Amino acid sequence: MSPAGTVAYIPDTASTRAYIGAWSVLSVLQYFAAEAAVIGAWAGPAPYSRSTGLISDLGALHCGIYDGRNVCSPLNWLMNASFVVQGLGMLLGALLLSSGLLCVAARRGVLVAPGHGARHRSPWWAAVAVRVLTAAAGAGTVVVGLVPEDAGSTLHFAGAVAYFLAGALALLVLGFLWLRQTPWAWFLLACGAVSLAALAVGAVTAMNVPLPGLLERLMAYPVTLGMAAAGLVVARRVHRHRARLRAAAYSAGG
């Protein structure tokens with residue numbers, strides 16, 4: 001029993017809902033394949049460089065000068081579709097991965113009491129915060145895909161900032177939540193810290209740096225990699241639990 005009288009429980013880590021949620025978050029890795037393909041099709045007067053070219057240039061709808069940069073991305077539709085798919089994966093993960101599951105996903109056999117008692121309140125609300133922040137980051141990157149930079153810069157900029165900021169904060173909170181459960185927590189913390197630091201530099205300098213593409217990727221890539229790592233941790237937990245249940249059912253049937 002929890003201090004408030006609420007029965008602690010072990011969340012269902014073998015449900016189809018959890019399995020789909022984990023793989024939805026892990027699916028954000030498709031972004032890197034899409035980006036590579038779009039860069040390969042770049043048709044600007046100069047080759048595209050990840051160090052100097054902004055990510056959003058790959059999704060620009062028109063060829064020409066935009067904000068002082070000569071952009072031409074024939075596969076802009078693929079880049080924008082990738083943004084949307086990435087955002088939907090995060091939104092679906094935030095919806096399907098319960099707060100209780102996130103509390104114990106990195107360590108088996110842990111009881112959860114939803115929000116009751118000083119011992120349980122902090123982890124529970126930390127997991128809730130992770131889901132809210134992940135959903136906000138996912139919504140932001142969906143906006144980035146639906147509103148390319150040369151179609152609505154204000155909305156596009158707001159969506160990108162939401163992805164960078166909310167995504168980095170989600171990784172930091174989840175990293176602290178899992179700190180004593182898995183070594184992956186340190187990777188999540190590192191990803192969140194690098195993204196947040198790069199975002200701060202970008203805000204202070206207004207992106208007027210020698211390598212703006214590299215700076216933006218230091219904001220974006222750690223969020224994508226951190227989210228994928230979190231999805232992998234949950235997916236492995238769910239997969240192992242489901243495998244044990246199948247083995248037990250087979251043994252019982254035999």
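Helices (H or I, at least four residues) and strands (E, at least two) are DSSP runs, numbered from the N terminus. This is a predicted model, where local features need pLDDT of at least 70, side-chain atom pairs count only at pLDDT 80 or more, and totals for chains, interfaces and linings use all residues. Residues are numbered from 1 along each chain as its sequence is written, and side-chain values use heavy atoms, with hydrogens and water left out.

View 1. Start at the N terminus and you'll read the elements as α-α-β-β-α-α-α-α-α-α. Of its 254 residues, 50% count as buried (under 20% relative accessible area, with exposed being over 50% and partly exposed in between; 1.4 Å probe, protein chains only). Take the contacts (heavy atoms within 4.5 Å) between residues at least 6 apart in sequence: 75% of them join residues at least 24 apart.

**View 2. Helices H2 and H3 run roughly antiparallel.** Two packed helices are described by the angle between their axes and the distance between the axes. Here the axes of H2 (residues 30–40) and H3 (residues 76–96) come within 9 Å and cross at roughly 170°. That crossing is why H2 counts as roughly antiparallel to H3 (over 145 degrees). On the H2 side, the contact is made by Gln 30, Tyr 31, Ala 34, Glu 35, Ala 37 and Val 38. H3 brings Leu 78, Met 79, Ser 82, Phe 83, Val 85 and Gln 86.

**View 3. Five residues make a nonpolar surface patch.** Leu 29, Trp 184, Phe 187, Leu 225 and Leu 232 form this patch of about 380 Å². Patch residues have over 30% relative accessible area and no salt bridge, and nonpolar side chains (Val, Leu, Ile, Met, Phe, Trp, Tyr) are joined within 5 Å. Phe 187 sits in H7 and, at 33% relative accessibility, counts as partly exposed.

**View 4. Ser 195 is a buried residue of helix H7.** Its relative accessibility is 0%, so Ser 195 counts as buried. Leaving aside residues up to four places away in sequence, Ser 195 touches Phe 164, Ala 168, Leu 218, Met 219, Pro 222 and Val 223.

**View 5. Trp 124 belongs to helix H5 (residues 118–146).** Trp 124 counts as buried because its relative accessibility is 16%. Look for Gly 100 too: it is 24 residues from Trp 124 along the chain, with 6.8 Å separating their C-alpha atoms.

Notes
Patches are made of residues with over 30% relative accessible area and no salt bridge: like charges are joined within 9 Å, nonpolar side chains (Val, Leu, Ile, Met, Phe, Trp, Tyr) within 5 Å. Accessible areas come from the Shrake-Rupley method with a 1.4 Å probe; for residues, only the protein chains shown count as cover. A salt bridge is a side-chain nitrogen of Lys or Arg within 4 Å of a carboxyl oxygen of Asp or Glu. Axes are lines fitted to C-alpha atoms, for helices over the stretch in contact, and angles run from 0 to 180 degrees between N-to-C directions. Angles under 35 degrees count as roughly parallel, over 145 as roughly antiparallel, 65 to 115 as roughly perpendicular and the rest as oblique.
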